[in-house]
Amino acid sequence: NLTFIYGNGKVNAVFNNIASEMTMPVIYSDMLIDDNVSATAISDKLANLEEIAKNNGHAVAYARAYPLTISLISEWLIELEKKGIILAPIAAAQISK
């Protein structure tokens, strides 16, 4: 199954209409993790993503393949289970978004 993932976090009527015409689900991302490519900024975004997940029951984010981003996300993923957060496939967000 294909899914549209809209990256800026804001509902877009045109995007929704296109997806509806194609009978495809839409998932809106909560944030771009590495819009500021610094360790502090990315770490802050990951912490914010955790809060969104705790408050909403889920969170969706995307990132670019910068080496720093990959390294920080890799380290962050190890800590998620300890915090009671489960990483799930994007399809899981279709149900709850």
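Helices (H or I, at least four residues) and strands (E, at least two) are DSSP runs, numbered from the N terminus. The model is predicted, so local features need pLDDT of at least 70 and side-chain atom pairs count only at pLDDT 80 or more, while totals for chains, interfaces and linings use all residues. Residues are numbered from 1 along each chain as its sequence is written, and side-chain values use heavy atoms, without hydrogens and water.

T23 sits in the loop between α1 (13–21) and β2 (26–28). Its phi is near 50°, a positive value in a residue other than glycine. T23 counts as exposed because its relative accessibility is 70%; exposed means over 50%, buried under 20% and partly exposed in between (1.4 Å probe, protein chains only).

A nonpolar core is a set of buried Ala, Val, Leu, Ile, Met, Phe, Trp, Tyr and Cys residues joined through side-chain atoms within 4.5 Å. The largest one has 11 residues, among them I42, L46, L72 and W76. Both α2 (39–56) and α3 (67–80) supply at least two residues of this core. Leaving out residues up to four places away in sequence, L72 touches A39, I42, S43 and L46 (contact: heavy atoms within 4.5 Å).

The lining of the largest pocket contains 27 residues, and A59, V60, I86, L87 and A88 lie nearest the pocket centre. Elements giving two or more residues to this lining are α2, β4 (61–62), α3 and α4 (91–96). A pocket is an open set of points on a 1 Å grid over the protein atoms alone, where a 1.4 Å probe fits, with protein on both sides within 12 Å along at least five of seven lines; lining residues have an atom within 4 Å of a point. The classes are as follows.

| Class in the lining | Count |
|---|---|
| Nonpolar (Ala, Val, Leu, Ile, Met, Phe, Trp, Tyr, Cys, Pro) | 20 residues |
| Polar (the others, Gly among them) | 5 residues |
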